[in-house]
Amino acid sequence: MKRQPRSSPRSAKPRRSVSIVGTGSYVPEKILTNAALSTMVDTTDEWITTRTGIKERRIAAKGEHTSDMATKAALAAIEQAQIDPSEIELILVATATPDMYFPATACLVQQKIGALKAACLDVSAACAGFLFAVEIAQQFITSHTYDTVLVIGAEKLSSITNWTDRNTCVLFGDGAGAAILRHRGNGAHGVISTHIGSDGQYADILFMPGGGCRTPITRENAHQNLQTIHMSGKEVYKQAITAMLRASKKALDQAGLTIDDIACVIPHQANVRIIEAIADRLKIPLEKFYVNLDRYGNTSAAAVAIALDEANRSGRIKAGDYVLMVVFGGGLTWASTVIEW
Ligand code: UT7
């Protein structure tokens, strides 16, 4: 029996429905395998596979930037949605690796796709960014401000990876995913519930210390790899499981569903052991999870966006399915959403 979502605690008004009418993704051509990495740092395919599940990742070409990958993913989503770029009213790019501090990477995407009527901004919520952007988009749509929003998660993590640090460099990759969110009449399938959260008390377990106004990169500190990802892996691992479990339960509860109603879980793609732990604690089979981290590693804000597009285009999720997406990232940040596909 179809359950009724609980009304949002933030509003007593009936929700204006928000549908995902198109998805797209793009990954660079260049593949970096575990075997190739083991010639660069002291690691092995066996260690990376057993500790993370990652087999290979994609690396952007020289001169290929976050906005380029974002644009390719966006164009695929626009094509699938069968809309004209001029119909897009808001572009949100979730990224920790913008082309530049400013202008927003979203403005660069706007220029490249010709969506000249859109307002544009970047969303900074690290790996959780895509679902933060989905939440922002749906708030604008449910409030009747906009009808059509382009949401993108895009990262060129290879540009902030310390390629001499085996603790981190084996984990990350580049890519982009996109979705068109749109109001297409009340009663249409779409986003049922969303939840976002943060805990700045853990800001120092996953961060990039250099390059901001606090520690600009100078001639003196240029050799210290400050403009790269710094991570306390074990602590992030622990927090990730706690945050994703809590976020999953929140989105399900708000949707008025249980985990048994969910046909497919699309989790952040960081480590297959984290996904296994969540499957175990939620008591659902691992087969219900869409996993592609073996092919792409962790692409941060792009990860669930790419996975959503793959699950959509491959038929892994079908019309009427309930889909749970759940993510976590630096900040700490976490987010979840339940969608009726
Ligand atoms: O989007 C959010 C981003 N981050 C994450 O989600 C990361 C969450 N954390 C993790 O996924 C895991 O903690 C890691 C995969 C990062 C590490 O796995 P672990 O099981 O926690 O390993 P560890 O850090 O405890 O390291 C175990 C050993 C250490 O050696 P000793 O001290 O036991 O001798 C490391 O030095 O493995 C060593 N090690 C490696 N060995 C070979 C660490 N990295 C490597 C490597 N190859 N690449």
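Is Phe140 buried, partly exposed or exposed? Phe140 counts as partly exposed, at 29% relative accessibility (buried is under 20% relative accessible area, exposed over 50%, partly exposed in between, with a 1.4 Å probe and protein chains only). Keep in mind that this is a predicted model, where local features need pLDDT of at least 70, side-chain atom pairs count only at pLDDT 80 or more, and totals for chains, interfaces and linings use all residues. Residues are numbered from 1 along each chain as its sequence is written, and side-chain values use heavy atoms, leaving out hydrogens and water.

**Overall build**

- The protein chain has 10 helices and 13 strands (DSSP runs numbered from the N terminus: H or I of at least four residues for helices, E of at least two for strands).
- A compact globule of 341 residues would have a radius of gyration near 20 Å, and the 19 Å of the protein chain agrees with that (taken over C-alpha atoms; the globule rule is 2.2 Å times the number of residues to the power 0.38).
- Along the principal axes, the C-alpha atoms fill a box of roughly 55 × 45 × 35 Å.
- Of the 341 residues, 56% count as buried.
- Among contacts with a separation of 6 or more, 78% come from residues 24 or more positions apart (contact means heavy atoms within 4.5 Å).

**Surface and charge**

- The 35 positive and 33 negative charges have mean positions 4 Å apart (Lys and Arg are positive, Asp and Glu negative, with His and the chain ends not counted; the places used are NZ of Lys, CZ of Arg, CG of Asp or CD of Glu).

**The aromatic pair**

- Searching the whole structure turns up one aromatic pair (ring centres of Phe, Tyr or Trp, the last by its six-membered ring, within 6.5 Å; planes under 30 degrees apart are stacked, over 60 edge-to-face, the rest tilted).
- Phe140 and Tyr146 make up this tilted pair, at 5.2 Å centre to centre and 40° between the planes.

**Around Glu89**

- Glu89 sits in the loop between helix 3 and strand 4, and counts as partly exposed at 25% relative accessibility.
- Beyond its neighbours within four places in sequence, Glu89 touches Lys117, Ala118, Ala119, Tyr146, Asp147 and Thr148, so Tyr146 of the aromatic pair is on this contact list.
- Asn292 is 203 residues from Glu89 along the chain, and their C-alpha atoms are separated by 31 Å.

- As background, most residues other than glycine have a negative phi, and most peptide bonds are trans.
- Gln82, in the loop between helix 3 (66–81) and strand 4, has a positive phi of about 55° and is exposed, with a relative accessible area of 73%.
- Asn225 has a positive phi too, near 55°; this residue lies in the loop between strand 9 (206–207) and strand 10 (230–231) and is partly exposed at 31%.
- Phe102 and Pro103 are joined by a cis peptide bond with omega about 0°, and Pro103 is in the loop between strand 4 (90–94) and helix 4 (105–113).
- Gly331 and Leu332 are also joined by a cis peptide bond, with omega about -15°; Leu332 belongs to the loop between strand 12 (322–329) and strand 13 (333–340).

**Helix 10**

- Helix 10 (residues 303–313) is mostly covered, with 10 of its 11 residues buried, including Val304, Ile306, Leu308, Asp309 and Glu310.
- After helix 10 comes Gly315, with a positive phi near 85°.
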